[in-house]
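Biologist: I have not looked at this structure before. Could you take me through it by question and answer?

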Amino acid sequence: MRELDGPGIRSDLYQNNFSKEQNQQFTATFTEITEAFKERQVAGNSPSDPTVQELVQRHYEFCLQFWTPTRAAYKALAQSYLLPSGYRDSYESVNSGLAKYHHDAIVIWADQNLQ
């Protein structure tokens, strides 16, 4: 796999050196964030809605536990939500259209908050 945009994009370099308890907490937090995105989507909030953008901030802060994505890297992660991948499948299993909704919200937030 070639490096696309500097540090933080190569998922093949990720090593999980966390305890079982830490991994359980990560899963619980990620599930909570994902469910909140679903709630906003179902309520009809646009991806640019301030409450949705606050969720993206939480998602980004969650990601910071594992890597520090640049704007391009964070948007690349969001792009993976649209492509055939486990990410897309996971989001779509929560709610139809959630992968695109999350993608769109991330792109807006990244363009406004990251360099």
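Predicted model: local features only at pLDDT ≥ 70, side-chain atom pairs only at ≥ 80, totals over all residues.

Biologist: How far apart are the end C-alpha atoms of helix α2?
Modeller: Helix α2 covers residues 50–63, which makes 14 residues. At 1.5 Å a residue it should span 20 Å. The model agrees with this, since the end C-alpha atoms are 20 Å apart.

Biologist: Within what arc do the buried residues of α2 fall, seen down its axis?
Modeller: The buried residues of α2 are Val-52, Gln-53, Leu-55, Val-56, His-59, Tyr-60, Phe-62 and Cys-63. They line one face of the helix, because seen down its axis they fall within an arc of 165°.

Biologist: Which exposed residues does the face of α2 turned away from its buried side carry?
Modeller: The buried residues of α2 pack against α1, α3, α4 and α5. On the face turned away from that buried side, the exposed residues are Pro-50 and Glu-54.

Biologist: What is the reach of α1 from its first C-alpha to its last?
Modeller: α1 has 24 residues, and 34 Å is expected at 1.5 Å a residue. Its buried residues are Phe-26, Ile-33, Thr-34, Ala-36, Phe-37 and Gln-41, and what covers them includes α2, α4 and α5. Just after α1, Gly-44 takes a positive phi of about 90°.

Biologist: Which residues of the chain is Phe-37 in contact with, leaving aside neighbours within four places in sequence?
Modeller: Phe-37 is one of the buried residues of α1. Its contacts beyond those neighbours are Val-52, Leu-55, Val-56, His-59, Leu-98, Tyr-101, His-102 and Ala-105.

Biologist: Is Gln-53 buried or exposed?
Modeller: Gln-53 is found in helix α2. Its relative accessible area is 10%. Buried means under 20%, so Gln-53 counts as buried.

Biologist: Which residue has its backbone oxygen 3.2 Å from a polar atom of the side chain of Gln-53?
Modeller: Leaving aside neighbours within four places in sequence, Gln-53 is in contact with Pro-47, Ser-48, Ala-105, Ile-108, Trp-109 and Gln-112. The backbone oxygen that lies 3.2 Å from a polar atom of its side chain belongs to Ala-105.

Note on methods:
Residues numbered from 1 in each chain as written. Heavy atoms only, no water. Helix = DSSP H or I, 4+ residues; strand = E, 2+ residues; numbered from the N terminus. Expected span 1.5 Å × (residues − 1). Buried < 20%, exposed > 50% of the residue type's maximum accessible area, 1.4 Å probe, protein only. Arc of directions from axis to C-beta. Contact = heavy atoms within 4.5 Å. Polar contact = N/O pair within 3.5 Å; in protein donor to acceptor, adjacent residues only side chain to side chain.
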